[in-house]
Amino acid sequence: MAEPLTIAARRGVRPRLRGLVRRIAGAVFVLWAVATVTFFAVRLIPGDPAEAILGGPGSQTSPEALAAVRAEYGLDQPLLVQYLQQLGRLATGDLGRSYALNMDVGPLVLSQLGGTLVLAVLSLAVAWLIALVLATWSTGRGRLAAQIGSGLEIVAAALPHFWLATTLIVVFSIWAGVLPPISTVDARGLVLPVVTLAIPLAGFLGQVMRESLTTALESPFVLSARARGESDRGVLWRHALRHAALPAISLSGWAFGSLISGAVVVETIFARPGLGRTLLNAVTVRDVPVVVGVVMVVALAYILMTIVTDLASALADPRPTEHGNGALS
Amino acid sequence: MRLDASVFWTESNNATAGFPRTAFVKRDRRMPRPGIVPSSPRSATFAVLAGAVALGLALTGCTTATPDRSDEPAAGGTLTYASGDAEPTCLDPHVGGNYPQALVSSQFLESLVSLDTDGTIIPWLADSWSVSDDGLSWEFTLKDDVSFTDGTPLDAAAVQANIAHLQDPETGSSTGYLALAKVTGTEAVSDSVVRFTLAQPDSALLESLAQPWLAIESPTALTRSQDENCAAPVGTGPFIVDSWVKQNAITLMRNEDYTSPPADAEHAGPAYLESIVWRFIPDSASRYAALQAGEVDVIDNAQPDTISQAESSDTIVHLDAPRPGASNRIELNSGKAPFNDAAVREAFIRSANVDDAVASLFQGSAERSYSALSSVEPLGVSEPDLFDYDPDAAAELLDGAGWSQKDSDGYRVKDGVRLTVVFPVSTNQSIPAEQSLFEQIQATAKETGFDVQLTKLDLSSWYTALGSNAYDAVSAPYTKIGPDVLRILFHADGITPAPSGYFANHAQVNNPELDSLLTEADQTNDADQRASLYEDAQELILNGYYILPLYDQQNHFLLGSAVEGARALPTVSTPAFYDAWLNR
Amino acid sequence: MSTKGSLAAGPNAAGPNPAVALRVRNLRVGFGDASADDAVRGVSFEVSVGECLAIVGESGSGKSVTARSILGLAGAGARVSADELSLAEESVLGLSETAWRRRRGRDVGLVLQDALASLDPLRPIVREIGDSLRLHTRLDSAERTRRVLEVLDAAGLSQPELYAGRRSGELSGGQRQRALIAAALALDPPLLVADEPTTALDVTVQAQVLDLLEQAQARGTAIVLISHDLAVVSRIADRIAVMHDGRIVETGTTAEVLQNPRHAETRRMLAAIPVDRPRGSRLAPAMDTRQTPRAGVSDRESAPVRPAVPATSAASTPEADSAALEAIGLAKTFRGPHGTVHHAVDNVSFRVPRGSTLGIVGESGSGKTTTARLVLALTAADAGEVRLLGEPWSVLPERDRRAMRPLVGAVYQDVLASFDPRLSVRELLRHAVAGAAPESPRSGRSWSSRSWSGRGGAALRNAGAARVAELLDSVGLAGALLDRRPADLSGGQRQRVGIARALASRPQVLICDEPVSALDVSVQAQVLDLLDELQRELKLSLLFISHDLGVIQHVSDQVAVMHDGRVVETGTATEVFTAPTHPYTQALLAAVPRLP
Amino acid sequence: MSELEIQASATGRGAGRSPTAARGRLGRMRVTFVELAAVLVAVLLLTAAIAPRLLAPGDPLAIDPLAAFGAPSWAHWFGTDESGRDVYTRVVYGARDSLLIGLTATLIGLGLGAVLGTIAGTLGAAVDFTVNRFLEVLFAFPGLLLALLFILVFGPGPGSAIVAVGLSTAPGYARIIRAQLLRVRSSAFVEAATVQGLGRGRILARHILPNTLAPLLVLGTLGIGQAIVWAAALSYLGLGAQPPAAEWGAMLSAGRTYITSAWWMSFFPGLFIVLTAVCATTLGRSIERRMRHA
């Protein structure tokens, strides 16, 4: 129905704000749940945290020391108490103290966050670029181009990070010797990791973009644009691309998450400081506070990212979501 | 243009690469010992390689080769070291005390005494020492006017503080704590003389003190919180901890006022290198690639295949430094079936084709060991014929032991129980080549009828598996100077786990005769007697088929061509860069 | 017109002989490989300046392809050939894409059906319209905007500055269509191609759009008007060309073609127009109604003749004891997204006497559809109630109502969407038959295997099979269609299946919501006839909802006119259509396109 | 992981398309060369999984230390590994484990997702809300992390790897299935069924569920590839298959160590992982296309 629709469109902003508030509430909930799940999950892991604190299970620690540590970290408390204490600390933004690293988790995570964020954001950008170029190049160029394009995307999407990373290192570091296989002070060290993360992601984004790009190019408004004398490029940039971008944008939230997972592998291979590597190490030495801390930060980043992407897609597509009242057909 | 330059440079480098080698070999009787393994020129591949590397260096913006190169040590420059070991959680080796800590802390901490390449104790922070006849009291005279990099002077009190620190449970020391088990007290005889009082004689005391885990730190620094001390321990060493960015790098700056090199050092005064960047690159492929690309100058934990590549290259130099203490071996859990039966143990050992495996996997970078001790241990006893591959003998032994039936899968069974060997493998402690070795043993033992079940575990799960006695075979390295390591590994006391579940006697050898031998050897001050006691002990161990020795604890470093004068300390084979300089 | 004055480099002047705006000779367009027969097979026509040529034909006749070929937009993979194709005597045959671009929008404009989809939903219309200016003039953006506002104003969009910033989704159907036309006329091209510009618009809007085209025409713009609706066309077309199967079967002045159509196709199309046709009179030739098409044949295939039931108006004698369907004071309001209240249905009351038809007519947004949902008890009314056969209906809880559901059948506009896409015609009908039988409360809630196979049991299924065949026959479809999926059927066939499904439960009341709006006139005629016959045979009572006054007038005994959720006028069809009392009804009727 | 599926469901059951369009597409439904290749690869992989002997007579575990690190040759097409085992044979035998892992993991993920999505979509607003929050939480864990945690709790090994991957893919599926279910539930044909007097249960069973679960086939096929890649990632981190199993991921990570001296050890397993994933995706796509237009 046209009338409510128009109104909805005019007052479109306020509900989005209200939505934002709802989102924040939801975010808090999710963070709480994430903290809880992680806390108990890591507690289920075999192995005594107290050992982890005293230089790992390899160390020969005296019972006194263990007892002391248990007391110090409240590990002698009943699980529920520990859990509540943990929540209390988290609520005050205190991520607690690492068992293994002899330092507080907050500063540690913060120091590692930057590297991972840079990696993830750059990779996302590069992935977008690749996907866009590929999709635009291979659509409207006949079936062969389209098949090549989607073929490339499918292959890209199927590349395991660690395999890709190794191959890139062999080719660009060992054979060509043009790019460093490890992080460096300057940006060169970023190239291979970013590419490693970006290529598979580009495959996914590309597939999504192509779909919507094709549908957009088939739609009547493109025809009438052509009827106005619009050129292919004009059609692409002024009309089709924007439609093509929509699903990819809404995907970016998920993509960010997957990039973080990818970081675990990539940071290890390319010896980059970052959350992924921190996490892997922490997990292998049962460093509960660090694990929880990283997970919390990652979850937070993920939530923020989804909110951002939602706003982005709202900007890119200002159409109101509700369509009058449900009609019979 | 650049290629010419690099060719010229690598040639000259090749020449220079030889120099310190010979210098070392002279001093070095038993090969393979700490020292630089020669690298023969291969002019065919050589120009290309050189070109590639030079190009890599140029493009990666590192300082490219300068045509004029001297063999005279040049001061200055930054050396980048890439470690494949886990990043230490604390740089103070007093805390916990594992090899990764030793690796880095040897750059800025020093011990009272050291070892020369013959395994003889030589002075370091202590000029001289004496022991009372009952062997219960030791006096160490410290070097004069040595001071820690925070200005605190090195004196008897400082040593006392360190011993106290090591023995304080709060510190959570493991290795050092054990090594000082017999030390009941210390006193300052004078400013420069400190006396140790022992409960029983300890023939291994000096060797223990030579270890980096008992290095002497600034007492002032030790009073700081453990966090601060872990982040930047203060010692007397040639370098100073400048900064530590977790997961990334530790930056070490030269100690300009350095005065206390060990007796076997090449030069006096401050180190040549201006600074060392100590990086952590867990991925072996990346690590080697980084070395090739010239991003780093030295890597440790070099993989066999990269070593053999290095051997044939002229741009990378191989430094082989097997660790002291125990050899790498598979310990058979004699505490429970099936290995509580010596025959079965022997059968297993005979059924495992180790020689071929070592040959193929380590491509000459590792030598088969038939001893419980590392080849660098002077008192090591080797019994090759006990460990040769003999499937038929193995089969007979098993038949004799009642494992005569075979099930459908070809595995031996006895009263319906399959001859299973649970073998947890620590992915942190066994390099891939070693894990492959185990797989090959698994394969060859299968032919005789053993069902070897390998499970790769991360460190924590691995220790948990050991703690819960859920293993039949296991391989755990143990680094310690001197044969006293045998006491730790094979004395019955080592069976009862520490509160953390850790125990060293994985073979669960419980043999009173052996125990008494070890204790005696540990307490005698007469060298010959000590030697014979340890020999008897080793015979007992080897003939009891408690262990399957494999090879020395592998400890390979690869050095970029620019690195000169680097060596491994004869103590626990940690790299030392005091004499090192960059020939760029 | 202000637009005409400010025209830079008026293309009207272009061309040696401006008299002829468009000439097409022997145009052939084919798709896919040459073997496939062409969509357009040798079409020739010409349009002179200021003239409006209407190309009329039913879907698949090739009229749209023809229209698009005029702009060189026949589509990807199209094989276009012609002896001549010239705009203002300038041949545009084999023009390069760039050359075409220069002409499109400047020398020839295109207006498409469905403005919602034809304007980029993501861009404000000011941009969309501005595009042609941006592409063909040197105006800067400020000037462009000013010009766009002029054009919009000229297109009858009062206060254009209010709408210019909006996107097509935020405009009403009429506004949208105006914007679309404005976009096409922005540069006042000498030739305008309008492809179904008024289809699916309310009559009043339709009239306004036609006026708009007339104005353009008056300014000397030549117009090619593509439509399936002769009545619409007759208002502004100077000449009419009737297309059928890719050929022009008849051309002539509007008067000629309408007064004495020569080609059968034309005649049938004329006959099919329901406007002013008395209740019960056939719209389609008798033989067409109960056609039995074999797979792949179109609706129009003739079939064995079944004797048509004599047209004795059952409606004249409704048994008036209790109404088949009765609505009393229905009201439904919708909360807008942000507290805005929208009275979709406001105190609506009506009766459907047994065996008769009540037609509800109104424009979009008048509340017809909501009314239908209320009557079907798909939505709960805020106030008032619906009674079925004198019994309470809307007030019942769904569980109790379910037993009565079989008494009511429904026919939908988008019939395809109302079919489970997985099911074949056979399954659809069988489910309908099975569903009609009262279900045990158990199988209702538990997902027992029985509920999967409808109501299992071979006997039942056989009985079902027989009934399915009977149903299919009653709507004049061949058994051959049973195993096709609705998606593969033609519009007419689908609607027949839809009706068959509605009849499966032997209902007494049939609710038809715009059942023919999506259909070609002749197909619509057949469906209307079919409904009419079925009603008489099965004594059905119909609630027939449509925006098309012609259709309503034809099918209804009683008529209710809805406007803004209210019933503004009721009465017998004759009363309402001959002597409308309410001004709104009068306006509506005035707007209905009629044949001269 | 999930965007392919999102696509699949978004386009999965396109309602209200014109018959002409459908026919037009059906016209183009000929089997493309790519699809043919994919089918071929699939057949080969399945043969390898079911009857590896047909493709590789040798024993994947037979070691030959003296023939270690052999480059690809006529004797050993894909070369030999550090223990002198034939890489080709191992790759062939690896197909079983890898495919099994991929398949079961996907099944678990789909099953879990289907259950969650369905109960969310059917059991009323309260349940829907709860499940959605639950999914949000799962989403907040990057997939690999979820898998890591799981494996740490239940110990490494193929079993855990499978469940872990399944677990971490479930939320994606659940979300899609729920969306699809809501789309179907509000569709015209469901209302039509109501008008016919069908009960909620029967409508659910007869119309909603079938139409919701129909795209699962596509989702599954598309998912397998990713599942295999994921499982390989876990094996790479040493948390997947245990030696001497010839699982691709494990082979790959073992081979990485020797990448500078024996590229073939990691190249070929990697190649087959990619090949399998690509093959699965391609098949999934074509199934989807066919389902959409037939």
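Reply: Let's start with pairing: two strands count as a pair if DSSP finds at least two bridges between them. In chain C, strand β10 (residues 239-244) and β11(C) are joined by 6 bridges and run antiparallel. With 6 bridges set against a cut-off of two, they are therefore a pair. One facing couple there is C:Arg239 and C:Thr253, the latter in β11(C). Keep in mind that the whole thing is a predicted model.

Me: What makes β7 and β11 of chain C edge strands?

Reply: Look at the sheet they belong to. It is an open sheet of 6 strands with mixed pairing, in the order β7-β8-β9-β3-β10-β11 (chain C). β7 (108-111) and β11 (247-253) of chain C each pair on one side only, and that is what makes them the edges. On average, neighbouring strands in this sheet are turned by 15° against each other, direction ignored.

Me: Which helix lies across β3, β7, β8, β9 and β10 of chain C?

Reply: That's helix α2 (residues 63-70) of chain C, which runs at about 155° to β9(C).

Me: How do you know that β12 and β15 of chain C are a pair?

Reply: Count the bridges again. Strand β12 (residues 325-335) and strand β15 (residues 383-388) of chain C share 5 bridges in the antiparallel sense. The cut-off is at least two, so the pair qualifies. C:Leu325 sits opposite C:Leu388 of β15(C).

Me: And what joins β15(C) to strand β16 of chain C?

Reply: 2 bridges, with the strands antiparallel. Since at least two are needed, β15(C) and β16 (residues 391-392) of chain C therefore pair as well. C:Leu388 has C:Glu391 as its bridge partner in β16(C). The two strands form a hairpin with 2 residues between them, and in the turn C:Leu389 has a positive phi of about 50°.

Me: Let's switch to chain A. Why is A:Ser111 called partly exposed?

Reply: It has 17 other C-beta atoms within 10 Å. A:Ser111 is in helix α6 (residues 105-138) of chain A.

Me: How many helices and strands does chain A have?

Reply: 13 helices and 0 strands. For chain C, the tally is 24 helices and 21 strands. As for burial, 54% of the 329 residues of chain A count as buried, and buried residues make up 54% of the 596 residues in chain C.

Me: How do you know that the span of helix α5 of chain A is close to what is expected?

Reply: Helix α5 (residues 79-91) of chain A has 13 residues, and from its first C-alpha to its last it reaches 18 Å. The expected figure, at 1.5 Å a residue, is 18 Å, so the two values are close. Just after α5(A), A:Gly93 takes a positive phi of about 75°.

Me: Where do the domains of chain A run?

Reply: The domain assignment gives domain 1 (21-91) and domain 2 (106-326) of chain A. Their centres, taken over C-alpha atoms, are 34 Å apart. The contact takes 15 residues from domain 1 of chain A and 12 residues from domain 2 of chain A. On the domain 1 side, α2 (13-44) and α3 (49-53) of chain A each supply at least two residues. α2(A) gives the most, with 9 residues.

Me: How confident is the predictor in chain C?

Reply: The average pLDDT is 80, and 85% of the residues of chain C score at least 70. Over residues 439-456 of chain C, though, the pLDDT is below 50; the model still gives this stretch 30 contacts beyond near neighbours in sequence. Residues 1-16 of chain C also stay under 50, with 24 contacts beyond four places in sequence. Where pLDDT is low, the predicted coordinates should not be read in detail.

Me: What about chain D and the complex?

Reply: Chain D averages a pLDDT of 80, with 88% of the residues at 70 or above. Residues 1-28 of chain D fall below 50, and that stretch has 65 contacts beyond near neighbours in sequence. For the complex, the predictor gives an ipTM of 0.78 and a pTM of 0.81.

Methods:
Residues are numbered from 1 along each chain as its sequence is written. Chains are lettered from A and ligands numbered from 1 in the order in which they are written. This is a predicted model: local features need pLDDT of at least 70, side-chain atom pairs count only at pLDDT 80 or more; totals for chains, interfaces and linings use all residues. pLDDT is the predictor's confidence in each residue, from 0 to 100. Two residues are in contact if their C-beta atoms, placed from the backbone, lie within 7 Å. Helices (H or I, at least four residues) and strands (E, at least two) are DSSP runs, numbered from the N terminus. A residue is buried if 20 or more other C-beta atoms lie within 10 Å of its own, exposed if 12 or fewer, and partly exposed in between; C-beta atoms are placed from the backbone. Axes are lines fitted to C-alpha atoms, for helices over the stretch in contact, and angles run from 0 to 180 degrees between N-to-C directions. Domain bounds come from an automatic or database domain assignment.
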